Amino acid sequence: MIELNHWFIFIGAALIMAITPGPNLIYLLSRSICQGRNAAIISLFGVVTAFLVHMFAAAIGLTALFLTIPIAYIILKWLGAGYLLWLAWQAMRPNAKSPFEARDLAPDSRPKLWLMGFMTSFLNPKIAIFYLSILPQFISPQQGSVFTQSLTLGFTQIGVSFMVNLTVILTAAGLARWFALNPLWLMIQRYVMGIVLLGLALRLLIEQRKMA
């Protein structure tokens, strides 16, 4: 079983990851503005389907990896902390893009909307790295089945991401309009996001030093 405090920290990490600039959020926001909420929701189900593929692949892979190569557990944790530092830099670097800056998209059919959502998420390196380097930070082989812990965390991430993306879809036009009229808040949002990511990365690095 996953410790409750670690699970709450993971929810926070999943929430921050869900609102960091990335292909999924930008695509869904843009789709909602350009083609409407229903189109964006269909795309969102494609995104979630890709999450499930990533989650089960990671759960199976991590289980085998932790059982056969114990040091891989430590390596993945260091990589995860490094990735969080990189995301923090991407959020705070000069001229960085905010996820709430939409782009123009042409209307698509329902099957294509689902497929575009799926492919955007499936090919999203942020999602793949999250499952391979961030999720393992919260798995402890001493706490029981790695596979069960992986699925628990994976479904948690999917739930958090679904709610964040659905909220963005339902409020897309208002969000884009508000941020367009208040560009200062785009910068503030990026810096707050970057500072939280930096804090998560430092916490993980400190924990690794304690374990070393």
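A polar contact is a pair of N or O atoms within 3.5 Å; within protein, one atom must be able to donate a hydrogen and the other to accept it, and residues adjacent in sequence count only if both atoms are side-chain atoms. The model is predicted, so local features need pLDDT of at least 70 and side-chain atom pairs count only at pLDDT 80 or more, while totals for chains, interfaces and linings use all residues. Residues are numbered from 1 along each chain as its sequence is written, and side-chain values use heavy atoms, with hydrogens and water left out.

**View 1**
Thr120 sits in helix 5 (residues 110–122). Helices here are DSSP runs of H or I with at least four residues, strands are runs of E with at least two, and both are numbered from the N terminus. A polar atom of the Thr120 side chain lies 2.6 Å from the backbone oxygen of Met116. Thr120 is buried, at 17% relative accessibility. Buried means under 20% relative accessible area, exposed means over 50%, and partly exposed lies in between (1.4 Å probe, protein chains only). Beyond its neighbours within four places in sequence, Thr120 is in contact with Pro23, Asn24 and Tyr27. Contact means heavy atoms within 4.5 Å.

**View 1. Ser121, the next residue along.**
Ser121 also belongs to helix 5. Its relative accessible area is 0%, so Ser121 is buried. Setting aside neighbours within four places in sequence, Ser121 is in contact with Asn24, Val47, Ala50, Phe51, His54 and Ile127.

**View 2. Helix 2 on its own.**
Helix 2 covers residues 23–35, which is 13 residues. From first C-alpha to last it reaches 17 Å, close to the 18 Å expected at 1.5 Å a residue. The expected span is 1.5 Å times one less than the number of residues. Its buried residues are Asn24, Leu25, Ile26, Tyr27, Leu28, Leu29, Ser30, Arg31 and Ser32. Gly36 follows helix 2 and has a positive phi, near 105 degrees.

**View 3. Helix 2 against helix 5.**
Two packed helices are described by the angle between their axes and the distance between the axes. The axes of helix 2 and helix 5 come within 9 Å and cross at roughly 155 degrees. Axes are lines fitted to C-alpha atoms, for helices over the stretch in contact, and angles run from 0 to 180 degrees between N-to-C directions. Helix 2 and helix 5 are therefore roughly antiparallel. Angles under 35 degrees count as roughly parallel, over 145 as roughly antiparallel, 65 to 115 as roughly perpendicular, and the rest as oblique. The crossing of helix 2 and helix 5 is right-handed. A crossing is right-handed if the near helix is turned clockwise from the far one by less than a right angle, and left-handed if anticlockwise. Helix 2 contributes Pro23, Asn24, Tyr27, Arg31 and Gln35. They meet Leu113, Met116, Gly117, Thr120 and Ser121 of helix 5.

**View 4. Helix 2 against helix 7.**
Helix 2 and helix 7 pack at about 30 degrees, with axes 8 Å apart. That makes helix 2 roughly parallel to helix 7. Their crossing is right-handed. Leu25, Leu28, Leu29 and Ser32 of helix 2 meet Asn165, Val168 and Ile169 of helix 7.

Helix 1 (residues 4–19) has 16 residues. At 1.5 Å a residue they should span 22 Å, and the end C-alpha atoms are 23 Å apart, which agrees. Phe10, Ala13, Ala14, Ile16, Met17 and Ala18 are buried in helix 1. Helix 1 and helix 7 pack at about 45 degrees, with axes 9 Å apart. That makes helix 1 oblique to helix 7. On the helix 1 side, the contact is made by Trp7, Phe10, Ile11, Ala14, Leu15, Ala18 and Ile19. On the helix 7 side, it is made by Leu153, Thr156, Gln157, Val160, Ser161 and Val164. Helix 1 passes helix 7 in a right-handed crossing.

**View 5. Phe147 in helix 7.**
Phe147 is found in helix 7 (residues 146–170). Phe147 is partly exposed, with a relative accessible area of 30%.

**View 6. The whole chain, for orientation.**
The protein chain has nine helices and zero strands. Of its 212 residues, 46% count as buried. Among contacts between residues at least 6 apart in sequence, 86% join residues at least 24 apart.
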